[in-house]
Amino acid sequence: MTRFPSAAAPQASRAAREPESRARESEPPSSPLIQVRGLRKSYRTARGAIDLFKDLDLEIATGELVAIVGQSGAGKSTLLHILGALDAPTAGTVLCAATDVTQLNASQAAAFRNREIGYVWQFHYLLPEFTARENVAMPLLARGQRRAEALAEADRWLGEVGLTDRGEHRAGELSGGEQQRVALARALVCRPRLLLADEPTGDLDSTTAGLVFELIERLHAGHGLTSILVTHNQELAMRCTRALRLTGGRLVEVPVDGNNVSVAETSPQKSTVSLTM
Ligand code: ADP
């Protein structure tokens with residue numbers, strides 16, 4: 001299902017004029033934006049219960065660019081969905097952007113997502129019949145912003161992702177890398193605090209993946225974002241400010257300095273683990 005991140009709150013006019021210079025000076029860089037305690041998630045299936053997390057704990061500070069790695073089926077996407085109020089845990093507390101997302105009803109969760117979260121997925125989920133600028137403007141239109149303003153803001157964001165000259169192109173006419181750049185512009189057009197990206201480069205060739213990651217890095221730094229990136233790409237994970245491996249239902253810190261990662265996946269409390277995915 002396509003979900004557009006959009007914000008309910010009106011934008012500050014200065015920020016609307018100056019997307020590049022926007023900073024979140026109200027928060028010290030080290031204050032945690034995310035605090036997860038005792039997280040559990042169980043699915044009941046015809047073949048028995050799946051217990052994904054074992055009292056998983058997580059703390060992410062404002063401004064971190066965090067990679068989450070782990071084998072397929074480990075629960076990375078589910079974790080991202082819970083953090084972003086798209087899914088509910090079975091147990092535990094999830095404080096995200098000063099909100100206990102486990103306590104939100106459906107409309108509160110939608111408002112929270114609109115206000116705080118920008119999502120990017122492996123597949124761009126742009127609407128192919130609409131132009132790039134219309135796709136980017138859509139979250140603003142969805143919250144009632146006037147069309148001319150929304151399109152002007154979309155144009156600014158297309159500039160930010162280097163696609164000024166592609167605004168009138170239909171999404172279906174763009175390359176994979178361009179589509180993902182448009183998706184990033186759409187994710188950020190409502191100025192969320194948190195960027196959640198689920199395999200954003202997973203459908204791209206390695207060169208394009210590197211370029212899209214560089215763009216994420218630049219947007220992350222330039223807009224004071226806190227970003228979480230689920231990825232199978234070891235090289236890109238190593239370029240984040242922090243990497244965590246989801247294994248055995250818990251998160252394990254992975255050193256990101258020096259690319260010198262050795263294999264020791266036995267103890268979830270130790271910090272040296274494999275990035276093999
Ligand atoms: P990852 O992103 O690490 O590949 P996911 O979070 O997508 O893992 O899924 C983790 C596990 O949970 C998988 O085994 C998946 O089949 C299972 N799962 C996810 N959603 C559901 C669901 N709605 N019902 C049953 N099982 C599910």
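The residues around the ligand are Tyr43, Thr45, Ile50, Leu52, Gly70, Ser72, Gly73, Ala74, Gly75, Lys76, Ser77 and Thr78. The model is predicted: local features need pLDDT of at least 70, side-chain atom pairs count only at pLDDT 80 or more, and totals for chains, interfaces and linings use all residues. Numbering starts from 1 along each chain as its sequence is written.

What is the make-up of the shell in nonpolar, polar and charged residues? Four residues are nonpolar, seven polar and one charged. Here Ala, Val, Leu, Ile, Met, Phe, Trp, Tyr, Cys and Pro count as nonpolar; Asp, Glu, Lys and Arg count as charged; the others, Gly among them, count as polar. Two elements, β2 (42-45) and α2 (76-83), each supply at least two shell residues. The largest share, three residues, comes from α2.

Now the whole protein. Its secondary structure comes to eight helices and 12 strands. These are DSSP runs, numbered from the N terminus: helices are H or I with at least four residues, strands are E with at least two. Of the 277 residues, 42% are buried. Buried means that 20 or more other C-beta atoms lie within 10 Å of the residue's own; exposed means 12 or fewer, and partly exposed falls in between, with C-beta atoms placed from the backbone. Among contacts with a separation of 6 or more, 69% join residues 24 or more positions apart. A contact needs two C-beta atoms, placed from the backbone, within 7 Å.

Take the four-stranded sheet next. It is open, antiparallel, and ordered β4-β1-β6-β7. β4 (56-61) and β7 (99-100) stand at the edges with a single partner strand each, so one side of each has no neighbour in the sheet. Two strands count as paired if DSSP finds at least two bridges between them. Strands β1 (residues 32-40) and β6 (residues 91-96) run antiparallel and are joined by five bridges. Gln35 stands opposite Leu95 in β6.

Glu59 is found in strand β4. Its 13 C-beta neighbours inside 10 Å make Glu59 partly exposed. Leaving out residues up to four places away in sequence, Glu59 touches Pro32, Ile34 and Gln35. Val36 is 23 residues from Glu59 along the chain, yet their C-alpha atoms are separated by 6.3 Å.

The other sheet to follow is an open one of six strands. Its order is β8-β9-β10-β5-β11-β12, and its pairing is mixed. β8 and β12 are the edge strands, each pairing on one side only. From one strand to the next, the twist averages 20°. Both senses of pairing can be picked out. β9 (194-198) and strand β10 (residues 226-230) are parallel over five bridges. Asp198 stands opposite Val230 in β10. Strands β11 (residues 242-247) and β12 (residues 250-254) are antiparallel, also over five bridges. Thr247 has Arg250 in β12 as its bridge partner. The hairpin of β11 and β12 has two residues between the strands, and Gly248 there takes a positive phi near 60°.

Which helix lies across β8 and β9? Helix α6 (residues 176-188) does, running at about 165° to β8. Axes are lines fitted to C-alpha atoms, for helices over the stretch in contact, and angles run from 0 to 180 degrees between N-to-C directions. Is α6 enclosed or open? 11 of its 13 residues are buried, so α6 is largely enclosed by the rest of the structure. The buried residues include Val182, Leu184 and Leu188, and also Glu178, Arg181 and Arg186. They pack against β8, α4, α5 (147-160), β9 and α7. The length of α6 also checks out. Its 13 residues should span 18 Å, and its end C-alpha atoms are 19 Å apart, which agrees. The expected span is 1.5 Å times one less than the number of residues.

Tyr125 has a positive phi near 55° although it is not glycine. It lies in the loop between β8 (117-120) and α4 (132-142). With 17 C-beta neighbours inside 10 Å, Tyr125 is partly exposed. Glu199, also not glycine, has a positive phi near 50°. Its place is the loop between β9 and α7 (206-222). Glu199 is partly exposed too, with 19 C-beta neighbours inside 10 Å.

Terms used: Near = placed C-beta within 6 Å.
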